[in-house]
Amino acid sequence: MIQVAMQSKSTIQSLVCTKCNTSYDHASIQQFATCCNVPLSATYDLVGQSIHSIKRELYSMWRYQFALPVLQEENIVSLQEGFTPISKLKKLAASIGIQSLSIKDESVNPTGSFKARGLSMGVSKAKELGIRKMIIPTAGNAGGAMSAYCAKAGIEATVIMPKHTAETLKEECRLYGADLILIDGLIDACGKKAREIAATTGAFDMSTMKEPYRLEGKKTLGYEIAEQYNWELPDVIIYPTGGGTGLIGIWKAFHELISMKAIHGNLPRMVLVQSEVCSPMVSRFQTGILPDTFAPKPSAAYGLAVPYPFATDMMLNVLYESNGSALTVSEQEMEMGVQRIAKTEGMLLSLEGAATFMAAEKLVASGWIKPEEKILLLNTGSWYKYR
Ligand SMILES: Cc1ncc(COP(=O)(O)O)c(C=O)c1O
Ligand SMILES: [Zn+2]
């Protein structure tokens, strides 16, 4: 039977409050749901859509345009993000006593991290809505990505980054023409500064989950994983988590695919990994609270040091709904992970990526992962940028 490709234009319907479902207009500029002080989430009319709606001739995340929010194609600001490979890690799998371990390598994205997906989408939508100035607090990678996409779009960019971040991450922002401001402290201090500057300059605030569209870019990770697994998902996905956009985005994608009847079988159990030195989400998952003694410190895995994420409840929901888990790894374990994976598989991962392997090893040892289960790790960034 000949399959007729469905409409591939955006099917976006609305933006909704993730707590009370109040609808917000997607044709105007929006930040977060002010009714409940939580993130907004985009909804789509996916009735009649299917895997045949994918634009298979596009080898980037824009192949899923029907489920993305950009209305006019000329507003897409792309550097060819997404469509990243999944490789099998056979020797590492054997070394921890499991049969199937794979990794999706997001370091091959433009600007060297998965942040390219969210920022390509966020900047495209900003262009569509006529935004001329943007500001972002960042642990490092998101700032570089926003600078690159703003350069391409001709939008003014300001990046606020912790002073202790590696030189490469700072220099790339300057090279892309962004205004870079360095702050003593972690990303929450950068966020505070970004809000102050946005209030006086009118720049649009691109803080994680405080605008609705970076999530839609990260969501394409879930579409891609499903497509690469031929619509039968792995048993466990392990994700190095800071602000949570990737974790929440992957889960959102799976739900949209279910509504289109595109995926079969059980959904994966989602695992959230953080560094021992800053693990607010692991504490909340394990004990329900952030202890009084919580004292976040910088991690060498910059992306994981997010002490007060905005989307806390959404992340916890993903873990509860998926029967998932949350755990920490130490700074030393991440360094050891980088070395083990490099020596065994010939891949240099970011510390965040290595954290997912060390977490897998712990979960196998505790019996939470069974030897016959299919495990997928996410390498979210590049080792080469942290010099
Ligand atoms: C390499 C890397 N991994 C993981 C993260 C955490 O990402 P998310 O905000 O999606 O939890 C970041 C965020 O900065 C990052 O740069
Ligand atoms: Zn609300």
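The report below takes these topics in turn.

## Basis of the model

This is a predicted model, in which local features need pLDDT of at least 70 and side-chain atom pairs count only at pLDDT 80 or more, while totals for chains, interfaces and linings use all residues. Residues are numbered from 1 along each chain as its sequence is written, chains are lettered from A and ligands numbered from 1 in the order in which they are written, and side-chain values use heavy atoms, with hydrogens and water left out.

## The zinc site

The zinc ion (ligand 2) is held by the SG atoms of C17, C20, C35 and C36, at 2.3 Å; donors are N, O and S atoms within 2.8 Å of the metal (3.2 Å for Na, K and Ca), and because water is not among the atoms, sites may look incomplete. Along the chain, the donors of this zinc ion follow the spacing C-x2-C-x14-C-C. Since C17 lies in strand 1 (residues 12–17) and C35 in the loop between strand 2 (23–24) and strand 3 (40–44), the pair ties together parts that are 18 residues apart in sequence. Helices (H or I, at least four residues) and strands (E, at least two) are DSSP runs, numbered from the N terminus.

The arrangement is tetrahedral because the 4 donor atoms around the zinc ion (ligand 2) subtend angles of 101 to 120 degrees, and four donors count as tetrahedral if all angles lie between 85 and 135 degrees. For four tetrahedral donors, the ideal angle at a metal is 109.5 degrees. C17 is buried, at a relative accessible area of 1%, whereas C35 is partly exposed, at 40%; buried means under 20% relative accessible area, exposed over 50%, and partly exposed in between (1.4 Å probe, protein chains only).

## Cavities

There are 2 cavities of 30 Å³ or more, where a cavity is a set of points, on a 1 Å grid over the protein atoms alone, at which a 1.4 Å probe fits but cannot get out, and lining residues have an atom within 4 Å of a point. The largest cavity has a volume of about 50 Å³, a volume being the space filled by probe spheres set on the points. Its lining includes H164, T165, Y302 and A305, and draws at least three residues from each of domain 2 (86–112 + 213–385) and domain 3 (115–205), with bounds that come from an automatic or database domain assignment.

The second largest cavity has a volume of about 40 Å³, and among its lining residues are Q30, K125, F204 and E211. Helix 2 (residues 115–128) supplies the largest share of that lining, 3 residues.

## Individual residues

Q80 sits in the loop between strand 3 and strand 4 (86–88) and is exposed, with a relative accessible area of 53%. N230 is placed in the loop between helix 6 and strand 10 and counts as exposed at 59% relative accessibility.

W231 lies in the loop between helix 6 (214–228) and strand 10 (236–240), but counts as buried at 9% relative accessibility. R340, in helix 10 (residues 331–345), is partly exposed at 26%.

How values were computed
Four donors count as tetrahedral if all angles lie between 85 and 135 degrees; four count as square planar and six as octahedral if opposite donors are over 155 degrees apart and all others between 65 and 115; anything else is irregular. On a 1 Å grid over the protein atoms alone, a cavity is a set of points where a 1.4 Å probe fits but cannot get out, and a pocket is an open set with protein on both sides within 12 Å along at least five of seven lines; lining residues have an atom within 4 Å of a point.
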